[in-house]
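Hello,

Here is the structure we spoke about. Please look through it first; my notes on what was found follow below.

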Amino acid sequence: MRNDEADPVDARLGARLAELRAEHGWSLGELADRSGVSRSTLSRAERAETSPTAALLNRLCAVYGRTMSQLLSEVEAEPEAVVRSAGQPVWQDRTSGFARRSVSPPHPALRGELVEARLAPGADIAYDRPPVAGLEQHIWILEGALDVTEQDTEHRLGTGDCLRMRVWGPTRFRCADPEGVRYLLAVVRP
């Protein structure tokens with residue numbers, strides 16, 4: 001996909017990723033070393049030639065010390081106090097079957113945020129590290145079932161269940177329902 005054909009959110013996201021790298025004074029090679037992501041993948045994401053996956057964004061967020069919602073809110077318009085349902089930005093990782101809706105009005109000074117997440121049947125997303133060490137997450141299952149692994153502990157969650165965890169290491173989210181899963185994720189930065 002050429003840059004002029006890129007999804008507008010992907011184009012703004014790519015530009016923001018390039019800005020962040022420039023702000024840190026890093027070459028693509030230095031960022032590749034820090035993130036464990038290949039130079040070619042980073043370059044394609046910055047030029048919006050590909051839509052970055054959730055795992056890729058997580059690695060970059062870890063390097064830049066921000067949550068995924070913070071990063072995504074940086075490519076949106078100036079935040080409002082109220083965001084109506086129709087105006088809540090949705091980002092999709094079509095490769096993994098993950099969709100996230102930023103429910104909370106974005107604001108860089110606030111530590112908490114709400115995200116509605118959906119995983120397609122069979123979706124399995126592994127994060128090798130949190131975007132911010134010690135990040136607090138509350139996962140409330142609205143519909144379906146989800147297996148969440150935090151480091152070596154696995155939790156099977158069904159409709160109505162809520163898991164609270166502090167994220168220090170790897171996590172994994174697997175859709176455990178043949179119809180998919182929808183959950184609310186409350187994220188609180190340390």
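**Notes on the model**

Gln151 is partly exposed, with 46% relative accessible area (partly exposed means between the limits for buried, under 20%, and exposed, over 50%, using a 1.4 Å probe and protein chains only). Gln151 sits in the loop between strand E6 (145-150) and E7 (helices, H or I, of at least four residues and strands, E, of at least two are DSSP runs numbered from the N terminus). The phi of Gln151 is near 50°, a positive value in a residue other than glycine.

This is a predicted model, in which local features need pLDDT of at least 70 and side-chain atom pairs count only at pLDDT 80 or more, while totals for chains, interfaces and linings use all residues. Residues are numbered from 1 along each chain as its sequence is written, and side-chain values use heavy atoms, with hydrogens and water left out.

Ala48 also has a positive phi, of about 60°, although it is not a glycine. Ala48 belongs to the loop between helix H3 (39-46) and H4, and counts as buried because its relative accessibility is 2%.

**Domains and record**

The domain assignment of the protein chain gives domain 1 (8-52) and domain 2 (87-188); such bounds come from an automatic or database assignment. The C-alpha centres of domain 1 and domain 2 are 24 Å apart. An unreviewed UniProt entry places "domain: HTH cro/C1-type" at residues 17-71; UniProt positions are given in the numbering used here, feature names are shortened, and annotations may be inferred rather than shown by experiment. Over residues 17-71 the chain is 71% helix and 0% strand, with its end C-alpha atoms 9 Å apart.

In helix H2 there is Leu28. Leu28 is 14 residues from Leu42 in sequence, and their C-alpha atoms are 7.1 Å apart. Setting aside neighbours within four places in sequence, Leu28 is in contact with Arg21, Arg39, Leu42, Ser43 and Glu46 (contact means heavy atoms within 4.5 Å).

**Nonpolar core**

The largest nonpolar core has 44 residues, of which Phe98, Leu119, Ile139, Leu146, Phe173 and Tyr183 touch the most other members (a nonpolar core is a set of buried Ala, Val, Leu, Ile, Met, Phe, Trp, Tyr and Cys residues joined through side-chain atoms within 4.5 Å). Helix H4 (residues 54-64) gives the most to this core, with 7 residues. Domain 1 (8-52) and domain 2 (87-188) each supply at least three residues to this core.

Apart from neighbours within four places in sequence, the contacts of Tyr183 include Phe98, Leu119, Ile139, Leu146 and Phe173.

**Aromatic pairs**

A search of the whole structure finds 4 aromatic pairs (rings of Phe, Tyr and Trp, the last by its six-membered ring, pair if their centres lie within 6.5 Å; planes under 30 degrees apart count as stacked, over 60 as edge-to-face and the rest as tilted). Trp26 and Tyr64 are stacked because their ring centres are 5.7 Å apart and their planes are at 15°. This pair links distant parts of the chain, 38 residues apart: Trp26 is in the loop between helix H1 (8-24) and helix H2 (28-35), and Tyr64 is in helix H4. Both Trp26 and Tyr64 are buried.

Trp91 and Phe98 have ring centres 6.3 Å apart and planes at 75°, so this pair is edge-to-face. Both Trp91 and Phe98 are buried. Tyr127, Phe173 and Tyr183 are linked into a cluster by ring pairs.

**Strands and a loop**

Leu157 is in strand E7 (residues 153-158) and counts as buried at 8% relative accessibility. Not counting residues up to four places away in sequence, Leu157 touches Ile139, Ile141, Gly144, Ala145, Leu146, Val148 and Leu163.

Leu185 is in strand E10 (residues 181-188) and counts as buried at 13% relative accessibility. With residues up to four places away in sequence left out, Leu185 touches Glu113, Leu114, Val115, Gln137, His138 and Ile139.

Ser96 is in the loop between strand E1 (90-93) and strand E2 (98-102). The side chains of Ser96 and Asp93 are joined by a polar contact of 3.0 Å (a pair of N or O atoms within 3.5 Å; within protein, one must be able to donate a hydrogen and the other to accept it, and residues adjacent in sequence count only if both atoms are side-chain atoms).

Regards
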